[in-house]
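This report takes the strands of the model in turn, then its helices. Please keep the structure in view while reading.

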Amino acid sequence: MRKAVIAGNWKMHKTNGEARLLARAIKAGSAGVSHCEVVMAPPFTALAAVAEELKGTPLILAAQNVHWEAKGAFTGEISIPMLKDVGCGMVVIGHSERRQYFGETDASVNRRVRAVLESSLKPIICIGETLAERESGNHHSVVAQQLAGGLDSLTRRDLLRIILAYEPVWAIGTGRTASPETAQEMHGMIREWLSGRFGEEAQTVRILYGGSVKPDNIDALMLQPDIDGALVGGACLEAESFLRIIHYRL
Ligand code: PGA
């Protein structure tokens with residue numbers, strides 16, 4: 001009942017020319033795919049170029065961040081109307097790299113999420129613990145705190161529009177993916193938390209796993225009952241590996 005989502009987070013990679021080539025190859029290789037939603041999140045500068053390539057396809061364009069104000073004196077920021085104008089359907093919010101390097105907090109994540117929910121865009125909200133937090137046994141409480149802060153004042157109806165991405169920081173870009181069992185344990189905990197806070201709408205929320213998702217581990221991850229897709233970094237930068245992930249086998 002939850003349609004899977006395979007999303008590629010391009011991070012700070014690809015010029016416009018490179019972005020077009022990659023988008024074109026993914027479009028070609030995913031034609032006819034209906035078992036999952038395919039999402040691409042190129043850098044801001046490549047959104048327009050990728051939007052052109054994706055026109056007329058079911059592929060979804062996403063941005064990697066967004067500001068909560070619609071316009072104003074916010075040098076360097078990008079607004080929701082701008083993302084809609086360029087053709088985005090989704091936006092990644094609170095990625096751990098934004099939390100780690102750019103001062104993103106649960107409170108600022110929440111401001112972005114609430115603004116996005118007032119638009120037609122869907123937020124992909126990232127959460128996940130660091131290695132130190134896991135090793136000290138605090139991973140559940142850290143993730144619960146990120147959920148409480150990031151989803152503060154959301155309604156049960158809002159829940160129908162959000163996508164979550166559980167991305168343990170220790171697995172991002174390290175090649176050290178969480179085992180399917182470890183990931184499932186966290187996804188189960190997240191869904192339980194949602195269920196306690198919002199009720200049965202929790203069953204509709206897609207919870208993606210992120211952190212060193214590769215062609216050789218996607219199948220086992222997707223077999224887990226509470227893993228509803230993947231947010232892919234490194235392996236989405238080449239068409240061949242991202243396409244293999246899109247075409248995961250159960
Ligand atoms: P990775 O990145 O697949 O390169 O680990 C995932 C992410 O940061 O979304």
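Buried means under 20% relative accessible area; exposed is over 50% and partly exposed lies in between (1.4 Å probe, protein chains only). Strands are DSSP E runs of at least two residues, helices are H or I runs of at least four, and both are numbered from the N terminus.

Strand β1 (residues 4-9) runs parallel to β8, joined by four bridges. Here I6 has A230 of β8 as its bridge partner. β7 also runs parallel to β8, through two bridges. G210 stands opposite L231 in β8. Two strands count as paired if DSSP finds at least two bridges between them.

## Basis of the model

The model is predicted: local features need pLDDT of at least 70, side-chain atom pairs count only at pLDDT 80 or more, and totals for chains, interfaces and linings use all residues. Residues are numbered from 1 along each chain as its sequence is written, and side-chain values use heavy atoms, with hydrogens and water left out.

## Strand β7

Five of the five residues of strand β7 (residues 206-210) are buried, so β7 is largely enclosed by the rest of the structure. R206, L208 and G210 point one way from β7; I207 and Y209 point the other way.

Strand β6 (residues 163-166) pairs with β7 in the parallel sense, over four bridges. Y166 has Y209 of β7 as its bridge partner.

## Helix α2

Helix α2 (residues 47-54) has six of its eight residues buried, so α2 is largely enclosed by the rest of the structure. The buried residues are L47, A49, V50, A51, E53 and L54. Their cover includes α1 (16-29), β2 (36-41), β3 (60-63) and α3 (80-86). G56 follows α2 and has a positive phi, near 80°.

## Helix α7 against α9

The axes of helix α7 (residues 139-150) and helix α9 (residues 180-198) come within 11 Å and cross at roughly 45°. That makes α7 oblique to α9. Angles under 35 degrees count as roughly parallel, over 145 as roughly antiparallel, 65 to 115 as roughly perpendicular, and the rest as oblique. Axes are lines fitted to C-alpha atoms, for helices over the stretch in contact, with angles from 0 to 180 degrees between N-to-C directions.

From α7, H139, H140, V143, A144, L147 and A148 meet E185, M186, M189, I190 and W193 of α9. By class, this contact of α7 with α9 has eight nonpolar, two polar and one charged residues. Contact means heavy atoms within 4.5 Å. Ala, Val, Leu, Ile, Met, Phe, Trp, Tyr, Cys and Pro count as nonpolar, Asp, Glu, Lys and Arg as charged, and the others, Gly among them, as polar.

## Residue H139

H139 lies in helix α7. At 15% relative accessibility, H139 counts as buried. Leaving aside residues up to four places away in sequence, H139 touches E129, E133, R134 and M186. H139 and M186 are 47 residues apart in sequence and 8.7 Å apart in space, C-alpha to C-alpha.

## Helix α5 against α7

The axes of helix α5 (residues 106-117) and α7 come within 8 Å and cross at roughly 45°. That makes α5 oblique to α7. D106, V109, N110 and V113 in α5 meet Q145, Q146, G149 and G150 in α7. The contact of α5 with α7 divides into two nonpolar, five polar and one charged residues.
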